[in-house]
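Please open the model in your viewer and keep the selection panel to hand.

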Amino acid sequence: MKSRIKGVRRLSATAVTAAGAVLMTGAFAAPAQAAAPKAPAAQAAAPKAPAITAPGGFVMNNGTGKALFTKAADTRRSIGSTTKIMTAQVVLSQKKLNLDAKVTVDKAYSDYIVAKTASSARLIVGDKVTVRQLLYGLMLPSGCDAAYALADKFGTGSTRAARVKSFIGQMNTSAKNLGLKNTRFDSFDGIGNGANYSTPRDLTKLASSALKNATFRTVVQTKTTKQKVTTKSGGYRYMSWTNTNNLLGSYQGTIGVKTGSGPEAKYCLVFAATRNGKTVIGTVLASSSAANRTADAKKLLDYGFKA
């Protein structure tokens, strides 16, 4: 009997223990489950890169240098008067530059325009114009006469030909210093002799560098200007120039930079705009028309501000 009772007690204890375990399990063993983590908010889809008609194009964030769009960005092409960005860059990098120094307009500058049927600032022989005024004549109406005057003024040598050669040498040295490996100049205005070329990427980098200069920025974002110049007789006249860059006044935030055209270059545009503290800068080369280069630039700027 004793052994049977002990067995019952042992079974009872086991049963109590099991029951206790069940109770414990039911009351405490299953902790409350944590709430499932929320799915991350869907990120906005990246904007689709636009299609442009120009064979070559490049756009970058001017603040970070990040490339935002490329199309044959490193293909060398003739660049027309966008060459004048470097002309201005070389002038503005001169040591002890006096922007109010006067330059007398030589007949050679006028003869050059006629011989090349080139774009002109309509400088008048004998007039005395300042370096600053020549920069406006260079960049707004794209005056090749103004480019010639600046090359003659800031090149070194005993003859005009030597001074021009020296100035073009400074342009190429500047390109090398900026790391523009696919850029070469053989003219001061883009009317080259077969070896005047650059790329969308290089021109964009050049413009980015040039825009660091306050005078350059002021000039290239000017839509129209009226400048008082001294005549040969000591009197004065007014010269009026209008910027060839149609983005000015038609695209919000435009700050430049330069148009270009020519039989080989076709239609080119180096452009830049700033919105909400962000500057987008780029280039299109070899477009089929002035209207197309402007339309392409607007597409690329819109894309650049969204990217």
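Strands (E, at least two residues) and helices (H or I, at least four) are DSSP runs, numbered from the N terminus, and two strands pair if DSSP finds at least two bridges between them. The model is a predicted one, in which local features need pLDDT of at least 70 and side-chain atom pairs count only at pLDDT 80 or more, while totals for chains, interfaces and linings use all residues. Residues are numbered from 1 along each chain as its sequence is written, and side-chain values use heavy atoms, with hydrogens and water left out.

Begin with the open sheet of five strands, whose order is S2-S1-S11-S10-S9 and whose pairing is antiparallel. Select strand S2 (67-71) and strand S9 (254-262): these stand at the edges with a single partner strand each, so one side of each has no neighbour in the sheet. Stay with S9, which runs antiparallel to strand S10 (residues 266-275) and is joined to S10 by eight bridges; here Val-257 stands opposite Phe-271 in S10.

Next, select helix H2 (residues 84-92) together with helix H4 (residues 131-139), whose axes, as lines fitted to C-alpha atoms over the stretch in contact with angles from 0 to 180 degrees between N-to-C directions, come within 10 Å and cross at roughly 165°. H2 and H4 are therefore roughly antiparallel to each other, a term for angles over 145 degrees, whereas under 35 counts as roughly parallel, 65 to 115 as roughly perpendicular and the rest as oblique. In contact (heavy atoms within 4.5 Å), Lys-84, Ile-85, Thr-87, Ala-88, Val-91 and Leu-92 in H2 meet Val-131, Leu-135, Leu-138 and Met-139 in H4.

Now move to helix H3 (residues 107-116) and helix H5 (residues 144-154), where the axes come within 9 Å and cross at roughly 140°, and the two helices are therefore oblique to each other. The residues making this contact are Ala-108, Tyr-109, Tyr-112 and Ile-113 of H3 with Cys-144, Asp-145, Tyr-148, Ala-149 and Asp-152 of H5.

For burial, which means under 20% relative accessible area, with exposed over 50% and partly exposed in between (1.4 Å probe, protein chains only), select helix H7 (residues 200-210), which is mostly covered, with nine of its eleven residues buried. Among the buried residues of H7 are Pro-200, Leu-203 and Leu-206.

Finally, select Asn-172 in helix H6 (residues 160-177). Asn-172 is buried, with a relative accessible area of 14%, and, leaving aside neighbours within four places in sequence, Asn-172 is in contact with Arg-184 and Phe-185.
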